[in-house]
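Here is a short report on a structure.

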Amino acid sequence: MGWFVLMALSAGATPPGELDTVVRALSSRDPVSCEVILSLTSTPVPTLLSVVNEIARPPWAPMRAASCLVQHHAAEIQPDLERWVVAPELKGLGRLVLDSLDQMPVEVAVPVARKALESGSERELALQRIGAAQRPEVRALATAKVTP
Amino acid sequence: VTALALHTLLACTGAPSRNPDGKDTEDLGPGVTLDRRSAETNDNGRLRVEVDVPQGATSLQITGQSAQYVGFEELIAPDGETVLYWEDWYNSRYSLTYAIYGFDRVTALSWPPRDVDRPLEPGTWTAWISVTDRNFIYQPGEAVDLTIATKRDDDFTEGKVGVQIVYADGVKRDEAVVAAVEQAVERWRAVWAGIGIELDEYYTTSDLDAQLGFTYVGDAEVEDLAQEKGEGHLQLIVGESVGNEEYTLGVSAGIPGTIDATPNTFVVLSWLAHAGPNASFDDEEIRLMGETMAHETGHYTGLFHPVETGYEYWDALDDTPDCDSFRSCEDELGKNLMFPYSLCDFEGCVAQGQLSDQQSAVVQQFVGSL
């Protein structure tokens, strides 16, 4: 498929065959673990970020790539996480991040949650989901926000 | 050995007749008939279940539910022929049913699973069920709830499948999502119409958390919801994500799944995974979501992927090719509904709605296809 060839050109650092395999795995209709996805590439962060930023179809491919980045490489993509919770055209990624705050290091989760509360694209939803976080440091942000 | 020989008296209609094994039964009326009972495993952790199949019955599904893990080891026809034995399939590269593995606390076995298998016939069929713990150690004295479902279907080329579609908490309030789900159902309807199956869906709402965290373990609330569906119907639950995983599109609780109301009576679907990074649907994403609905419920009726990713494992059907590379598999099976992944490029995604004759027969023979 043309998709795989074009992606190979744009992702640069990733060997073309490896990228094809990653995109094919991300396109699966049934569950695929991040461990499997990550095992398919020697350059997980740039490869998966390329998928998030450049692949539109199937829609779950960029979502899966983002989910694996959030779970396993959150510190390396913190600026992207803060952008995803703010950009109105990326509300899907923003929801994904808000639902994953307990899975990322607390030193990443707190500033990302703060960003979502201050200037997020879905601030009411952010307040609700940050308030439901398991980590007290994250949850405290929501409490502070609603305390007069 | 305290094997329990259970006698099934199915709710029957029609005139009595004599089965080949000499027992009197009555002709089974049209539709699905359910019989429920409880039993215990013997000293070896196994349970013998005898099912008197009446005249006219064309499909059978036995569901076992336990606090431990339920598997089916053997199914024996009235004349003594073993038609299914777990070791014949356990390490096979060809998948026929998940029922033999003992993965879950709720497990269903359908017979016949394919149109090439020995047809159901009147008489006493015998199933051997195992109950094990998570380390596959047999569990004696374990209680098992059993449901025997039979259907009479004189024409497998057409049928109707009832589906209760359940919105998880809050999903119904998002009008764009509801509209996308309803349009996606039309794609699902079109796919199944191609094999003579009419979709009869109806909607309800629930308090289930929209992250659908129960997906891999089941939930009592799912069973409560399933009690409200029509007998023999399926249940599709739509949430924001599946199993708290943003990367999972949908999951079938079994291959096949049970038509009885249990904690594991579900196909689940994530709307957000289909809407993508912008959380907004376009027409192609709606089509893809409809194909996921048809794909996952296809699993529920007993369909496997014709080839698994890795290209070394296949379904047990004769008319889906045993391709062995991504190139040959995409060429030969890329438009198949049960192909394991979506094929897309910058111009869009390949429509995946085709089913082979034998795949169609699996869906049509499923006990919930009436």
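## Basis

Contact means heavy atoms within 4.5 Å. This is a predicted model: local features need pLDDT of at least 70, side-chain atom pairs count only at pLDDT 80 or more, and totals for chains, interfaces and linings use all residues. Residues are numbered from 1 along each chain as its sequence is written, chains are lettered from A and ligands numbered from 1 in the order in which they are written, and side-chain values use heavy atoms, with hydrogens and water left out.

## The interface

On chain B, 41 residues are in contact with 32 residues of chain A. The buried area is about 3200 Å², and carbon and sulfur atoms give 59% of it. Buried area here is the accessible area (1.4 Å probe) that two parts lose on being put together, summed over both.

The rule finds 7 salt bridges across this interface. Each pairs a side-chain nitrogen of Lys or Arg with a carboxyl oxygen of Asp or Glu within 4 Å. One of them joins Glu240(B) to Arg95(A), with the closest N and O atoms 2.8 Å apart.

## What chain B supplies

Five elements of chain B each supply at least two residues to the side that touches chain A: β14 (250-252), α4 (271-275), α5 (283-301), α6 (326-333) and β17 (344-345). Helices (H or I, at least four residues) and strands (E, at least two) are DSSP runs, numbered from the N terminus. α5(B) gives the most, with 8 residues.

By class, this side of chain B has 20 nonpolar, 12 polar and 9 charged residues. Nonpolar covers Ala, Val, Leu, Ile, Met, Phe, Trp, Tyr, Cys and Pro; charged covers Asp, Glu, Lys and Arg; the others, Gly among them, are polar.

## A buried loop residue

Asp117(B) sits in the loop between β8 (104-111) and β9 (123-132) of chain B. Asp117(B) counts as buried because its relative accessibility is 11%; buried means under 20% relative accessible area (1.4 Å probe, protein chains only). Leaving aside neighbours within four places in sequence, Asp117(B) is in contact with Leu96(B), Trp111(B) and Pro112(B).

## Nonpolar cores

A nonpolar core is a set of buried Ala, Val, Leu, Ile, Met, Phe, Trp, Tyr and Cys residues joined through side-chain atoms within 4.5 Å. The largest has 107 residues; Leu81(A), Trp84(A), Ile130(A) and Trp188(B) touch the most other members. Helix α2 (residues 175-193) of chain B gives the largest share of this core, 9 residues.

A second, separate core has 30 residues, including Ala57(B) and Leu120(B).

Note on methods. Buried means under 20% relative accessible area, exposed over 50%, partly exposed in between (1.4 Å probe, protein chains only).
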